[in-house]
Amino acid sequence: MANALNGHFEMPQTFPAVSIDVTATNMWQLEGCDKVDAQVAHLTGMAVPSQGQVTVQGDERLVWAGRDRYLLTTQRSDLTDHDGVYATDQTYGKTQLLITGEDARALLSRGLPLDIDEGQFAIGEVQHSHINHIGVSVIRNADVGGQPQFEVWVMRGFAKSLMEFLVHSARTLR
């Protein structure tokens with residue numbers, strides 16, 4: 001799947017204690033005007049996550065993105081509006097980065113004004129913030145090989161600038 005970093009960065013970017021890669025899944029924004037939780041649950045077949053949480057079912061994730069608004073990562077490519085829920089394909093609108101390794105927290109803390117220390121940002125949580133003044137959504141994924149992993153979603157138009165900041169910062173960690 002093409003992404004905004006093609007032609008700018010060879011992926012993954014690997015450093016002594018952290019790696020940055022791109023993940024590619026279809027992403028759908030599901031939202032409605034008022035109280036759409038039951039409709040979103042019906043449409044996705046998943047429990048609707050509470051504020052700041054992520055629901056995982058198989059290969060799919062339903063991410064809380066605000067009141068009456070969710071993001072679904074899935075292999076499905078055929079979602080349509082349903083019973084007051086508007087499904088908007090965001091697959092090519094956002095770049096999805098995976099940051100993994102012993103220095104993942106140190107790298108993110110260079111520009112992210114959130115406390116992501118272990119115990120403060122639990123697996124399955126999502127925070128909407130910014131890194132170096134670029135709006136992002138950050139998800140705490142399960143550890144990989146005993147190392148922390150975070151997923152960072154950024155609007156496509158800002159992906160190159162964010163990646164430049166992350167690569168520069170990663171080079172200065174050790």
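In which loop does Asp-68 lie? Asp-68 sits in the loop between β5 (60–66) and β6 (69–74); helices (H or I, at least four residues) and strands (E, at least two) are DSSP runs, numbered from the N terminus. This is a predicted model, in which local features need pLDDT of at least 70 and side-chain atom pairs count only at pLDDT 80 or more, while totals for chains, interfaces and linings use all residues. Residues are numbered from 1 along each chain as its sequence is written, and side-chain values use heavy atoms, leaving out hydrogens and water.

Most residues other than glycine have a negative phi, and most peptide bonds are trans. Asp-68 has a positive phi, and so does Lys-35, which belongs to the loop between β3 and α1 (37–44). For the table, buried means under 20% relative accessible area, exposed over 50%, and partly exposed in between (1.4 Å probe, protein chains only).

| Residue | Phi | Relative accessible area |
|---|---|---|
| Lys-35 | near 50° | 64%, exposed |
| Asp-68 | near 55° | 9%, buried |

There is also a cis peptide bond, from Met-11 to Pro-12, with omega near 0°. Pro-12 is in the segment before β1 (13–15).

**A pair of rings**

A pair of aromatic rings is described by the distance of the centres and the angle of the planes. Rings of Phe, Tyr and Trp (its six-membered ring) pair if their centres lie within 6.5 Å; planes under 30 degrees apart count as stacked, over 60 as edge-to-face and the rest as tilted. Searching the whole structure turns up one aromatic pair. Its members, Phe-121 and Phe-150, are stacked, with 6.0 Å centre to centre and 15° between the planes. Phe-121 lies in the loop between α2 (104–109) and β9 (126–131) and Phe-150 in strand β11 (residues 147–155), so the pair ties together parts that are 29 residues apart in sequence. Both Phe-121 and Phe-150 are buried.

**Inside the protein**

In soluble globular proteins, nonpolar side chains tend to be buried together. A nonpolar core is a set of buried Ala, Val, Leu, Ile, Met, Phe, Trp, Tyr and Cys residues joined through side-chain atoms within 4.5 Å. The largest one here has 30 residues, and Leu-97, Ile-99, Val-152 and Leu-162 have the most contacts inside it. Elements giving two or more residues to this core include β2 (18–23), β8 (94–100) and β10 (134–144). Helix α3 provides the largest share, seven residues. A second, separate core of 13 residues includes Trp-28, Val-36, Met-46 and Leu-79.

Which residues of α3 are buried? They are Ala-159, Leu-162, Met-163, Phe-165, Leu-166, Val-167, Ser-169 and Ala-170.

**A buried glutamine**

Gln-29 is in strand β3 (residues 26–31) and counts as buried at 11% relative accessibility. Leaving aside neighbours within four places in sequence, Gln-29 is in contact (heavy atoms within 4.5 Å) with residues including Arg-69, Tyr-70 and Tyr-86.
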